[in-house]
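Hi,

Here is the structure I promised to send over. Have a look at it first, and then read on for what turned up.

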Amino acid sequence: MKKLLIISSLLLAGMPLAAQDFQLNASGYFNQHGVDVMAFDDIYPEGHQSGVSLIMHGQRVATNGDLRFEPTPGQWQPTPKQRNRAVDAEGHAITVSLSYPDSSHHLTGFNPLIYPDFVFNYTVNVQAENGAIVVTVDLDRPVPEAFLGRLGFNFELFPGTLFGKPWIMDSRQGIFPQHPNGPVVAQESVVAHTGHFNPSGKADLDHLSGHGHGYNPARADEIIAAPYATGRSLTVNPDDPYRKFTIESETAELKLYDGRMNHNNGWFVVRSEIPAGVTTGAVKWVITPNVVNEWMYTPVIQTSQLGYHPQQQKIAVIELDKRDARRERPVLYQITKDGEKQVLAAEGSEWGAFLRYQYLKFDFTNISEEGLYRVRYGDAASSVFRIAGDVYERGAWQPVLEYFLPVQMCHVKVSEKYRVWHDVCHEDDARMAPVDYNHIDGYVQGPSTLASYQPGDRVPGLNIGGWHDAGDFDLRIESQAGESYILALAYEAFKVDYDATYIDQHQRIVEIHQPDGKADMLQQIENGALSVLGAYRSLGRLYRGIICNDLRQYVLLGDAGAMTDGVMGNDDDRWVFTEENPMRELTAAAQLAAVSRVLKGFNDTLSAQALEAARAIYKASDAGNPMMAFFKIQAAAELFLTTREKEYKDFLLSQTDNIARFIPMVGWYIGRVEKAINDKKFTKAIREALPALRQQLEAQAAETPYGVPYRPSIWGAGWDIQELGYRYYFLHQSYPDIFPPDIMYNALNFVLGCHPGSNTSSFASGIGTRSATVGYGLNRADWSYIPGGVVSGTALIRPDFPELLEFPYLWQQVEYVMGGGSSHYMFLALAAQQLLGVKN
């Protein structure tokens with residue numbers, strides 16, 4: 001009988017619920033049991049996060065259902081402007097009004113786009129009907145002849161779970177391949193028909209599009225993959241009831257493309273072109289996902305993948321389907337050489353609803369015996385983790401220093417025994433950028449910041465030091481000075497003299513796991529200061545940053561040494577940008593003042609130069625502007641801690657009221673200087689402001705079951721949460737009577753795996769039982785990672801689906817970063833080690 005029931009359940013799993021229909025839920029998207037269809041809830045099409053999206057039984061399988069000018073668009077192809085989204089609950093429909101072009105992005109902005117010369121409006125109507133989702137598109141005018149075959153409705157399929165999976169298109173069938181396969185099709189790029197929509201746009205069209213020569217991502221539609229199949233009906237995953245869905249077109253044919261042929265980070269794409277002369281009903285698709293009746297989200301147990309110190313608070317968070325009324329008893333097991341041994345069983349405490357899930361918490365803080373453990377809840381189990389006094393002593397924060405920071409170093413060759421991470425790079429840095437030019441990554445050069453250089457001039461002193469921003473290889477002031485600052489404060493707080501790396505800046509050699517008798521952290525602080533101060537001394541001002549000058553260089557995957565030829569003064573050299581930004585300059589002044597403090601006695605020349613620059617920037621600032629005063633406070637605080645000079649103390653005392661008013665922003669660093677100033681009135685004003693900050697932070701922490709706020713915008717919230725924990729450490733250290741350490745520990749555990757969603761990996765690559773071992777770094781094309789890199793983390797697919805995909809090209813989920821990220825994580829782990837009484 002039991003065997004018969006199992007067979008019956010499997011048969012039912014493969015059957016759609018033909019009698020039931022999708023319903024619009026309170027969150028504004030369609031739902032039927034475990035299948036959800038979102039329609040234009042999200043805002044990031046260039047990151048595969050917008051348009052019509054399909055989530056099936058806990059996995060996002062398709063997205064970006066919308067009109068596009070290319071069969072397989074990438075990050076630099078035009079996207080529409082969304083004007084209105086209307087939800088009709090009674091009519092079971094969502095109607096969205098959009099238009100081309102979005103002139104605010106035409107040849108301007110952070111990611112300048114090139115819009116073709118076709119102005120039109122259109123609507124996308126998404127409606128539940130007979131157990132399916134019907135998508136129709138209406139245009140306000142026919143497609144001109146120049147764009148016939150170019151404008152179509154695209155639906156992108158996530159490739160990461162499709163490799164080796166089958167598809168059926170009418171009478172044809174195939175397997176989704178691991179890599180894109182030819183043949184290819186050549187066609188004219190839509191860039192040939194560029195419109196004139198934004199006279200103020202300062203991106204150079206010819207330069208942006210690669211001067212019409214060779215491959216260029218902005219003209220990537222010139223060469224595309226021939227479609228794998230063409231037909232009226234496509235079924236994806238016909239053998240998998242949990243991932244099977246069918247698309248039928250009642251208008252133009254469907255075409256199945258591989259977007260990885262012209263963009264390495266592309267997805268599979270299903271597309272119907274807009275027919276000639278048609279406006280109403282230009283597209284009509286019927287999307288029928290297979291719905292499994294009894295599907296219920298499998299409980300997910302979220303713990304630190306690294307583990308816990310015996311004295312730490314230890315809480316597992318259990319994530320449940322909101323429909324799941326069953327409650328099991330969470331059980332903690334110790335794993336011994338003889339197997340699992342039950343240690344604790346208790347009722348989970350109900351936390352409540354968050355996002356789309358229900359949450360329980362299981363507290364096992366009282367368990368302090370060292371060993372290996374896991375938590376079970378019914379059939380679900382956590383990863384194995386440790387409880388141990390040495391949990392942070394090896395392979396915890398150390399990979400950040402041992403691997404990640406050395407690998408990111410610019411202007412050097414980085415080796416690890418047999419392996420070369422990258423060759424000597426960018427020895428030809430850098431030439432002065434053009435004036436009034438909008439760069440591909442948002443850099444803009446103003447005419448008043450050139451100093452004594454003209455556009456195209458080589459600026460000396462820029463080909464030493466610095467770290468590549470993890471995905472883009474550029475050196476921004478906030479990533480260089482900011483990284484040095486975090487490391488400087490870490491060295492001050494924890495005195496980390498760890499040495500595992502040989503660094504020779506003169507010979508441009510870095511050897512991982514080859515000690516040189518110098519503290520790695522001090523050498524890394526020096527590395528950042530060399531870049532920032534080399535530029536400052538040449539330019540007489542801070543740089544905005546150094547970055548490759550064209551789009552083909554920008555998308556480089558692999559060895560940074562291949563970006564330029566190393567020969568100074570030719571067209572492949574990177575550009576240096578400058579800017580008028582007093583607020584950013586004052587932030588850098590604060591950071592340089594702290595760097596000066598820490599480098600004293602290690603590199604006295606660089607220490608003196610850092611202090612000289614910090615003083616000059618501070619002196620040149622205008623404190624009359626209230627917002628300028630806000631930024632000047634931090635600079636004065638760090639300069640006072642470095643010099644103990646009366647000028648900085650007097651300014652801080654004069655800003656007592658502003659400091660109290662800005663306490664949510666300045667409180668984290670003002671505690672150190674408040675102790676040093678030792679002024680009763682100053683101390684009283686600050687202490688009176690702090691309880692409100694504590695209440696604010698506690699309210700934010702209470703928003704989620706994780707004890708930290710989770711408020712992602714585009715990027716996963718991991719970096720923000722780490723920064724919160726990093727700043728909170730200083731509040732706790734300065735005012736332990738007001739700020740207990742809980743939020744700091746919660747931030748650390750969040751990064752290490754106690755975070756929402758079914759992927760409980762540690763965001764810190766290579767750290768913990770399960771971690772993000774596919775990262776958006778220099779080796780992302782190999783689906784690999786850099787140990788110690790910390791990814792951006794679990795993103796939010798609006799309105800309520802937390803997602804962390806194993807896919808190397810989703811920068812908003814798995815990108816590494818400088819000026820935070822890994823260094824904030826390392827700081828948190830060191831802080832936990834310190835507060836728990838463990839020596840480095």
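How many positive and how many negative side chains does the protein chain have, and how far apart do the centres of the two sets lie? There are 71 positive and 97 negative ones, with the two centres 5 Å apart. Keep in mind that this is a predicted model.

Now for the overall build. The protein chain has 17 helices and 40 strands. Its C-alpha trace spans about 80 × 70 × 55 Å along the principal axes. A compact globule of 840 residues would have a radius of gyration near 28 Å, and the protein chain has 28 Å, so the two agree.

Of the 840 residues, 61% count as buried. The accessible surface comes to about 31100 Å², and carbon and sulfur atoms account for 50% of that. If you take contacts between residues at least 6 apart in sequence, 70% of them join residues at least 24 apart.

- α14 covers residues 718-734 and reaches 25 Å from its first C-alpha to its last, close to the expected 24 Å. Because 13 of its 17 residues are buried, α14 is largely enclosed by the rest of the structure.
- α7 covers residues 582-599 and also reaches 25 Å from end to end by C-alpha, close to the expected 26 Å. α7 is mostly covered, with 14 of its 18 residues buried. Gly601 follows α7 and has a positive phi, near 95 degrees.

Cheers

Conventions
Residues numbered from 1 in each chain as written. Heavy atoms only, no water. Helix = DSSP H or I, 4+ residues; strand = E, 2+ residues; numbered from the N terminus. Rg over C-alpha atoms; globule rule 2.2 N^0.38 Å. Buried < 20%, exposed > 50% of the residue type's maximum accessible area, 1.4 Å probe, protein only. Contact = heavy atoms within 4.5 Å. Areas by Shrake-Rupley, 256 points an atom, 1.4 Å probe, with all protein chains shown as cover. Lys, Arg positive; Asp, Glu negative; His and termini not counted. Charge placed at Lys NZ, Arg CZ, Asp CG, Glu CD. Expected span 1.5 Å × (residues − 1).
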